[in-house]
Amino acid sequence: LKHTRPCLPFLRAAMLWSGRESSSAPALNGVSSTVWRTMRRPANIALIATAACGRVSALDNGLGRLPPMGYNTWNDLGCKEISEARVKAAADALVRSGLRDAGYVYVNLDDCWHDLHRDFVTGRLRPDPLRFPSGLQVLAAYLHERGLLFGIYTDRGSKTCAGRPGSLGHERLDAATFAEWGVDYVKEDNCFSSTGPNDHDMLFRQFREMSDALNRTGRPMYFSVCGGGDQRAFANLSYYATDSRGGFGMANSWRVASDCVNWMTCQHGSKVAGELGHAAGPGGFNDPDMLLGSSPGSARMLSRAQSRTQFSIWSVLMAPLLLGNRVADIDTYDLETYSNTEVLAVSQDSLSKQGFMLSQSGSHTIWGRELSGGAWALVFQSNDMFFASDVICDFTCWEKLTFAAGTRLVVRDLWLHRPAKHPEAIAGVPYGVAVPPRGASQMLKFVPSTLTTFTV
């Protein structure tokens, strides 16, 4: 699987950004000039050049240097409402709302885009002709012209979870079809396996078949493995990260828990992912499942406070950020949530070090992630039922951070975009945050001050 991609096109891209070369945007593996302009942001140029000229262990497709961001149809449209018109509406909304420019560039079809049968002559997958009358190659072009990237769904079994044709025995053909259509992201699910959802030998072999097939096409396609299919609620799928046949050797991201369908299952997924930071890094991420918004109309939703907490925790966990709300009719609250540049900076932090649970006491939980420049982002969460309460980072919490005891810290509220209510902290001294009940949270950034260190 290891291979080296040519550096020249990407070095030329860097020169274009720097202004040393002013010719028109280059064609990179079929990526349109509009997509290229979106990718031309300085941070992305550095990542693209690193991916192209460096070497990535195992999968080595040069993708996923930072967690992917985008939209997935499942939590929004489910199986019944997915269609070409709905997907185009979602794509247009990403552009219009500014979410594309914030980094949400993937538009991913989930289950039920397929016709009920493969093409009887070629054996190829084909889209449902009523839902996608223009075909998926045309849809991909529509997305690329708007600076977006196109994702698709399949399954390692004989059928998808909703009963459409799966990829079992057709991995090379399907990968070639996806490449021909202009696909940029492939999610493969875990339903209808002949030996069940948890036969490790079989599942890793079949997921690897698709991984290899995608790489053979020569088109860069982010590969996401979803082991959640055919699983019971609260399943622990951490073996996708810890088995030597999984993780980086298999995909760019891998589900580590069953589906996140409500607040309880989302919390379960975050706790499993939080214990697997050692398995994540540039090129591969633990995936606790997609985001659930609070905008009315989606197939699955959380409360406002819970959806914002999920987004904060997912950013600390360096998880993929795939929107599942009705983006075509996104409300002000959800738009403010998902476009928060300070929280997104945590998600996309260049240190690429996954966060974890710092402490849990009763209904209170604190999550933390080390950031570049020596800072930390902390999420103070409360599941109290009725009243606001103080969530406290005590001595055992501080012990897990990298600050020397007595270090003076400046504290910033990442949701209010201003200094925290208690704008200074001393490492090792208990620091409390008042948090509303029922899944609400506060997200703070702790940055070492240049002032005096105290004795604790």
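C79 is placed in the loop between α4 (74–77) and α5 (84–97), where helices (H or I, at least four residues) and strands (E, at least two) are DSSP runs numbered from the N terminus. Between C79 and C112 there are 33 residues in sequence and 5.4 Å in space, C-alpha to C-alpha. Leaving aside residues up to four places away in sequence, C79 touches W74, C112, R131, A162 and R164, contact meaning heavy atoms within 4.5 Å. The model is predicted, so local features need pLDDT of at least 70 and side-chain atom pairs count only at pLDDT 80 or more, while totals for chains, interfaces and linings use all residues. Residues are numbered from 1 along each chain as its sequence is written, and side-chain values use heavy atoms, with hydrogens and water left out.

**Helix packing**

- α5 and α7 pack at an angle of about 10°, their axes being 10 Å apart; axes are lines fitted to C-alpha atoms, for helices over the stretch in contact, and angles run from 0 to 180 degrees between N-to-C directions.
- That angle makes α5 roughly parallel to α7 (under 35 degrees counts as roughly parallel, over 145 as roughly antiparallel, 65 to 115 as roughly perpendicular and the rest as oblique).
- V87, K88, A91 and D92 of α5 make the contact with L139, Y142 and L143 of α7.
- By class, the contact of α5 with α7 has five nonpolar, no polar and two charged residues; Ala, Val, Leu, Ile, Met, Phe, Trp, Tyr, Cys and Pro count as nonpolar, Asp, Glu, Lys and Arg as charged, and the others, Gly among them, as polar.
- Helix α11 (residues 263–274) and α12 also pack at an angle of about 10°, with axes 11 Å apart, which makes α11 roughly parallel to α12.
- From α11, W263, C266 and S270 meet Q306, T309, Q310, I313 and W314 in α12; this contact has four nonpolar, four polar and no charged residues.

**Aromatic pairs**

- The whole structure holds 17 aromatic pairs (rings of Phe, Tyr and Trp, its six-membered ring, with centres within 6.5 Å; planes under 30 degrees apart count as stacked, over 60 as edge-to-face and the rest as tilted).
- W113 and W181 form an edge-to-face pair, 5.8 Å centre to centre with 85° between the planes.
- This pair links distant parts of the chain, 68 residues apart: W113 is in the loop between β2 (106–108) and α7 (136–145), and W181 is in helix α8 (residues 171–181).

**Pocket and cavities**

- On a 1 Å grid over the protein atoms alone, a cavity is a set of points where a 1.4 Å probe fits but cannot get out, and a pocket is an open set with protein on both sides within 12 Å along at least five of seven lines; lining residues have an atom within 4 Å of a point.
- The second largest pocket contains about 390 Å³ of space, and of its 21 lining residues D413, L416, V433, A434 and Q442 are the closest to its centre.
- β14 gives the largest share of that pocket's lining, five residues.
- The lining of the second largest pocket comprises eleven nonpolar, five polar and five charged residues.
- There are three cavities of 30 Å³ or more, and the largest cavity has about 60 Å³ of space.
- The largest cavity is lined by N72, Y185, K187, S224, R255, D287, D289, M290 and L322, of which three are nonpolar, two polar and four charged.

Conventions. Points joined across faces, edges and corners; volume = space filled by probe spheres on them.
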